[in-house]
Amino acid sequence: MSAPLPKHLVACHHCDLLQHEIELPKRAVASCVRCGAELYRNRHNSLDLSLALSIAAAQVFLLANTFPLVSMEVQGEIQSTTLPQAVVALYKHHSVPLAVLVFVTTMLAPAIEIASIVYLLTSLRIGVGRGHFALVFRFVQSIRRWGMIDVLMLGVLVSLVKLAALAEVVPGIALWAYCVLLVLMVAMAASFNTHDVWRWSAERSE
Ligand SMILES: [Zn+2]
């Protein structure tokens with residue numbers, strides 16, 4: 001992992017000056033020689049840390065969706081349901097726009113982000129799928145630009161407030177799993193950046 005990298009060129013995001021990339025000591029920051037803007041930093045992160053965080057997020061995401069989150073009245077009976085079941089019940093009985101909002105923000109968006117990052121980092125780790133690495137990487141970058149964490153946070157908040165009017169929120173495993181998921185997704189986003197991913201890719205193909 002610590003083998004010296006071949007000299008890469010790095011462009012300053014602010015003034016476009018091309019400079020040779022050098023290996024940095026831990027936690028050091030490289031600045032542009034012309035304008036002084038930050039070029040990159042050695043954040044001392046490893047591929048394994050990011051991979052572990054993304055796999056943990058995937059497991060917690062499954063927990064959040066398989067344990068009861070709300071109890072609602074279905075055909076005259078009070079039932080504890082998971083969030084996916086609540087979405088189906090909302091779709092059938094109450095409100096289609098709310099069902100779509102809850103589904104997209106709390107399930108679809110985080111599922112796509114977590115799955116694509118797990119796939120990208122796993123394929124880097126085990127060294128397969130190099131052919132479409134750049135394609136998956138571009139996909140991950142484009143969905144990250146959408147700010148999935150903000151979407152998830154807003155989605156969970158709006159969903160809980162809206163659902164609270166129709167159903168009782170169960171303070172159980174699923175609710176805690178959503179709280180942990182938010183923390184894990186912030187940590188996952190912090191441990192994953194463009195520079196690190198290309199560095200790991202270069203290290204693995206040496
Ligand atoms: Zn510059």
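Of the 206 residues in the protein chain, 41% are buried. A residue counts as buried under 20% relative accessible area, as exposed over 50%, and as partly exposed in between, with a 1.4 Å probe and protein chains only. The structure is a predicted model, in which local features need pLDDT of at least 70 and side-chain atom pairs count only at pLDDT 80 or more, while totals for chains, interfaces and linings use all residues. Residues are numbered from 1 along each chain as its sequence is written, and side-chain values use heavy atoms, with hydrogens and water left out.

**Overall form**

The protein chain contains seven helices and seven strands. Here helices (H or I, at least four residues) and strands (E, at least two) are DSSP runs, numbered from the N terminus. In sequence order the pattern reads β-β-β-β-α-β-β-α-α-α-α-β-α-α. The radius of gyration of the protein chain is 21 Å, well over the 17 Å given by the globule rule for 206 residues, so the chain is more spread out than a compact globule. This radius is taken over C-alpha atoms, and the globule rule is 2.2 Å times the number of residues to the power 0.38. The C-alpha trace spans about 70 × 35 × 30 Å along its principal axes.

The domain assignment gives domain 1 (9–41) and domain 2 (47–204); such bounds come from an automatic or database domain assignment. The C-alpha centres of domain 1 and domain 2 lie 33 Å apart.

**Contacts, surface and charge**

Among contacts with a separation of 6 or more in the protein chain, 60% are between residues 24 or more positions apart. Contact means heavy atoms within 4.5 Å. The accessible surface comes to about 11500 Å², and 65% of this area belongs to carbon and sulfur atoms. Accessible areas come from the Shrake-Rupley method with a 1.4 Å probe, and for residues only the protein chains shown count as cover.

The protein chain carries 15 positive and 13 negative side chains, and the centres of the two sets are 7 Å apart. Lys and Arg count as positive and Asp and Glu as negative, whereas His and the chain ends are not counted. Each charge is placed at NZ of Lys, CZ of Arg, CG of Asp or CD of Glu.

**A residue in a loop**

D16 belongs to the loop between strand 1 (9–11) and strand 2 (18–20). Its phi is near 70°, a positive value in a residue other than glycine. D16 is exposed, with a relative accessible area of 61%.

**Residues of the helices**

Helix 3 (residues 96–126) includes L108. L98 is buried, at a relative accessible area of 10%. Not counting residues up to four places away in sequence, L98 touches L90, K162 and L166. V102 is buried as well, with a relative accessible area of 0%. Its contacts, leaving aside neighbours within four places in sequence, are L83, V87, L90, M107 and S159. By contrast, L108 is partly exposed, with a relative accessible area of 36%.

M153 is located in helix 5 (residues 148–166). At 39% relative accessibility, M153 is partly exposed.

| Pair | Separation in sequence | C-alpha to C-alpha distance |
|---|---|---|
| L98 and S159 | 61 residues | 7.9 Å |
| V102 and V87 | 15 residues | 6.9 Å |
| L108 and L152 | 44 residues | 9.7 Å |
| M153 and E23 | 130 residues | 37 Å |

Helix 7 (residues 194–204) contains the buried residues D196, V197, R199, W200, S201, A202 and E203. These buried residues pack against helix 1 (47–66), helix 3, helix 4 (133–145) and helix 6 (173–191).
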